[in-house]
Amino acid sequence: PMATKIFPWAALLYLLLPVDFVPDFVPFLGQLDDIGIIVLLISIALKVIPNDLWQEHEKKVDREDVIDV
């Protein structure tokens with residue numbers, strides 16, 4: 001679904017843009033809001049992945065005939 005593609009890109013864009021809710025020069029809080037927003041966007045992206053799609057890819061990861069390099 002489109003939402004699973006939008007939220008990770010939004011997290012990356014938020015990380016790269018110079019605009020923040022709390023400026024980065026504020027000790028601790030400046031970085032904490034960045035981390036919180038990114039974790040929130042990634043967790044939303046993971047929740048909107050359909051279960052059947054998640055299970056399909058989980059089965060592919062668990063296959064023993066696949067060589068991980």
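Guide: Glu56 is partly exposed, at a relative accessible area of 40%. On this scale buried means under 20% relative accessible area, exposed means over 50%, and partly exposed is what lies in between, with a 1.4 Å probe and protein chains only. The model is a predicted one, in which local features need pLDDT of at least 70 and side-chain atom pairs count only at pLDDT 80 or more, whereas totals for chains, interfaces and linings use all residues. Residues are numbered from 1 along each chain as its sequence is written, and side-chain values use heavy atoms, with hydrogens and water left out.

The partner of Glu56 is Lys60: the two form a salt bridge, and their closest N and O atoms are 3.6 Å apart. The criterion is a side-chain nitrogen of Lys or Arg within 4 Å of a carboxyl oxygen of Asp or Glu. Side chains of opposite charge can pair when their charged atoms come close. Both residues belong to helix 3, residues 51–62, where a spacing of 4 residues puts them about one turn of the helix apart. Helices are DSSP runs of H or I with at least four residues, strands are runs of E with at least two, and both are numbered from the N terminus. Lys60 is also partly exposed, with a relative accessible area of 42%. Searching the whole structure gives 1 salt bridge. As for where Lys60 sits relative to another residue, its C-alpha atom is 23 Å from that of Ile44, 16 residues away along the chain.

Asp33 lies in helix 2, residues 29–47, and is buried yet without a salt bridge, the nearest side chain of opposite charge being Lys47 at 20 Å. Asp34, also placed in helix 2, is likewise buried with no salt bridge, and for Asp34 too the nearest opposite charge is Lys47, 20 Å away. What surrounds them can be listed by contact, meaning heavy atoms within 4.5 Å. Beyond its neighbours within four places in sequence, Asp33 is in contact with Tyr14, Asp20, Phe21 and Val22. With residues up to four places away set aside, Asp34 touches Tyr14, Asp20 and Asp24.

The overall charge count is next. Lys and Arg are taken as positive and Asp and Glu as negative, while His and the chain ends are not counted. The protein then has 5 positive and 11 negative side chains, and the centres of the two sets are 11 Å apart. Each charge is placed at NZ of Lys, CZ of Arg, CG of Asp or CD of Glu.

Now for the fold around these residues. The protein has 3 helices and 0 strands, in the order α-α-α from the N terminus. Ser43, in helix 2, is 36 residues from Phe7 along the chain and 8.9 Å from it in space. Leu13 is partly exposed at 49%, and Ser43 is partly exposed at 27%.

The loop between helix 1 (2–16) and helix 2 holds Phe28. Most residues other than glycine have a negative phi. Phe28, not a glycine, has a positive phi of about 70°. With a relative accessible area of 61%, Phe28 is exposed.

Some totals complete the account. The radius of gyration is 17 Å, whereas a compact globule of 69 residues would have one near 11 Å; this radius is taken over C-alpha atoms, and the globule rule is 2.2 Å times the number of residues to the power 0.38. The C-alpha trace spans about 50 × 30 × 15 Å along its principal axes. Of the 69 residues, 12% count as buried. Among contacts with a separation of 6 or more, 44% are between residues 24 or more positions apart. The accessible surface is about 5,900 Å², with 71% of it belonging to carbon and sulfur atoms; the areas come from the Shrake-Rupley method with a 1.4 Å probe, and for residues only the protein chains shown count as cover.
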